[in-house]
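Colleague: I would like to learn how to read a sheet and a loop residue from a model such as this one. Could you take me through the features one at a time?

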Amino acid sequence: MAISEKNIGIAPSGDEAVLYTIVNKNGTEASFCNIGAVWVSMLVPDKNGKLGDVLLGYDTADGIYNNPESFGVIVGRNANRIAKGRFKLNGKEYQLALNNNGNNLHSGPEVFGKRCYKALKNEAENSIIFSLVSEEGDQGYPGELVVEVKYELTDEDELIISYRLEATTEDTVANMTCHPYFNLAGHASGSALEQEMQIFADEFCEIDETVLASGTIAKVENTAFDFREPKMIGTDIKSANMQLKLANGYDHNFCIRDYDGSLRQAAVCYDRNSGRKMTVYTNMPGIQLYTGNFLDENNKAKEGVYYKPYDGYALETQYYPNAINVPEWKQPVIHKNEVQNFETRYCFSIE
């Protein structure tokens, strides 16, 4: 077990970009950058014991900072979309930047993914804590928010992401997530559509023509969104389902079955050729499946790879999209002097 660090250049912000690599007793490796607290790589063994990087992303300071696809970034203060960038809190209306089809996506252009986090290594538990203070008014949100994100790699090949959020001056919105894109065959292996997926959800959030959650929750039964039993990701992705046509694939929140705030199984992914399996656990109510529908093959990524649409998929744990404007849904609000803790686990194994 060890944690190493390496300077990988200067980000466009002028900050030194440092790559931290955690290795467990099995030789499994996970790397992270202080810029954006980005999860940069995840090297796990296949059925023959060969390590392979299963995370799409960038490996240079410029790439990690610019990162138009948000590969591996910590998203805050609010992940996903807010309708027309507007919400009310305690009777006051707030207007955020509009950066996605007339809505606010991932909190706008001043994203946490471009921030330089403080890093604290803990070799005893094979973890790194990245922290920052989001000042009052940051991105248009009320109040100050103190953020800590801990990445821990266990000897059971679990990557645990723990969030500690504290509102210090007034109530605010907080819906943070990590935005990794996976391909269990390896990040440079091409399309991930033949990999299998199971999502433990009976319902999903429908979207409108702007890919915003419309406020309607629909049953997955007898639809292309039924992942209650394992199936290949690409099985229905090109079907006539209008919800898929709106997003050119999956870009939808699934409502995790029997959510009660405890840690529970949300999804399982499997690549038959490599034997790699990934199980996702979270104590959040939703999980967004995005199948990389608009990956730009003109962008040179890590190891010189050019990713094409559907070469990877994101599984983002979260409150439901636009929940702040849908009172019936679990609200992404943190109150003054309150501390909230959330956790997501990506557990890797061989089958």
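Modeller: We shall go through a sheet, a hairpin and a loop residue in turn.

This is a predicted model, in which local features need pLDDT of at least 70, side-chain atom pairs count only at pLDDT 80 or more, and totals for chains, interfaces and linings use all residues. Residues are numbered from 1 along each chain as its sequence is written, while side-chain values use heavy atoms, with hydrogens and water left out.

Colleague: In what order do the 6 strands of the open sheet lie?

Modeller: Strands of a sheet pair through backbone hydrogen bonds, either parallel or antiparallel. A strand is a DSSP run of E with at least two residues, numbered from the N terminus, and two strands pair if DSSP finds at least two bridges between them. Here the order is β17-β26-β25-β22-β19-β20, with antiparallel pairing; β17 (181-182) and β20 (213-219) are the edge strands, each pairing on one side only.

Colleague: How many bridges join β22 to β25?

Modeller: Strand β22 (residues 251-256) is joined to the antiparallel strand β25 (residues 286-290) by 5 bridges, and Asp-251 stands opposite Tyr-290 in β25.

Colleague: Which residue takes a positive phi in the hairpin of β19 and β20?

Modeller: Val-211 does, near 70°, in a hairpin with 5 residues between the strands. Strand β19 (residues 201-207) pairs with β20 in the antiparallel sense over 4 bridges, and Cys-205 faces Ile-217 in β20.

Colleague: Why does Gly-137 count as partly exposed?

Modeller: Partly exposed lies between buried (under 20% relative accessible area) and exposed (over 50%), with a 1.4 Å probe and protein chains only. Gly-137 counts as partly exposed because its relative accessibility is 42%; Gly-137 is found in the loop between β12 (127-134) and β13 (145-153).
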